[in-house]
Amino acid sequence: MKIYQIDSSARKKGSSSRALAKKVLDKIRKPGDEVIYRDLDDEMLFVSGLTESGMKIDEKDQTEEHKKMFKLSDKLVSELKESDIIIISAPIYNYGPPATLKAWSDLAARVGETFRFKPDGRREGLLKNKRAYLVITSGGTKLNSKEDFLTPWLKFILNFFGIEKVDVVSADQMALDYDKSIKDAELQIEKLNS
């Protein structure tokens, strides 16, 4: 099995979402599993000047910036397609996803690669038979409250790609009681089935 671990926190040291994602990995990883690791804070490009949905621009019409963006996009799509299990850790920033995670989703959304349009115009995800584990942390936002725009968005994006088995581990409202939030998340991890 190939496990694709994606961390999106801007904080490298002391990141609760990164630490909890590592615990999820340790829980589900079996001997012989291969791990592909991506730290979105290291090299994520921000998507600009993109005029087509699903990043479909003829090569002859691509600028140098487009070419750079497509090179990274090709890598991200390949990593997703090759993996069996995806672990995404994300803190809630200002009620939504980190900008790097949004950019990742924009670069991974490729028509004909991660989704397609059916004859009736509806979209279909192409990444079937995969499983995802989301590790969501927050300082004050309650997970799945009306102020949480990260969790439903990230689930929707994964479903859009065809990934329907999604488990969520949360350590929310850490500013109120950090120790309790982390202990609750660790209990959720213990109960996970791989």
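Biologist: What makes β1 count as mostly covered?

Modeller: In this predicted model, 5 of the 6 residues of β1 are buried, where buried means under 20% relative accessible area, exposed over 50% and partly exposed in between (1.4 Å probe, protein chains only). Strands are DSSP runs of E with at least two residues, and helices are runs of H or I with at least four, numbered from the N terminus.

Biologist: How do you know that β1 pairs with β2 and with β3?

Modeller: Two strands pair if DSSP finds at least two bridges between them. There are 6 bridges from β1 to β2 (residues 34–39) and 5 from β1 to β3, and β1 runs parallel to β2 and to β3. I3 stands opposite V35 in β2, while Q5 stands opposite I87 in β3.

Biologist: Why is the crossover from β1 to β2 called right-handed?

Modeller: The chain passes from β1 through helix α1 (residues 16–28) to β2. The crossover is called right-handed because, with the strands pointing away from the viewer, the path from the first strand over the helix to the second runs clockwise.

Biologist: Why is the pair of F115 and F117 called edge-to-face?

Modeller: Rings of Phe, Tyr and Trp (its six-membered ring) pair if their centres lie within 6.5 Å; planes under 30 degrees apart count as stacked, over 60 as edge-to-face and the rest as tilted. The centres of F115 and F117 are 5.6 Å apart and the planes stand at 85°, so the pair is edge-to-face. F115 is buried at 2% relative accessible area, whereas F117, at 42%, is partly exposed.

Biologist: What makes a set of residues a nonpolar core?

Modeller: Such a core consists of buried Ala, Val, Leu, Ile, Met, Phe, Trp, Tyr and Cys residues joined through side-chain atoms within 4.5 Å. The largest has 31 residues, of which I88, L101, W104 and F161 touch the most other members. Helix α5 gives this core its largest share, 6 residues.

Biologist: Which conventions apply to the numbering and the values?

Modeller: Residues are numbered from 1 along each chain as its sequence is written, and side-chain values use heavy atoms, without hydrogens and water. Local features need pLDDT of at least 70 and side-chain atom pairs count only at pLDDT 80 or more, while totals for chains, interfaces and linings use all residues.
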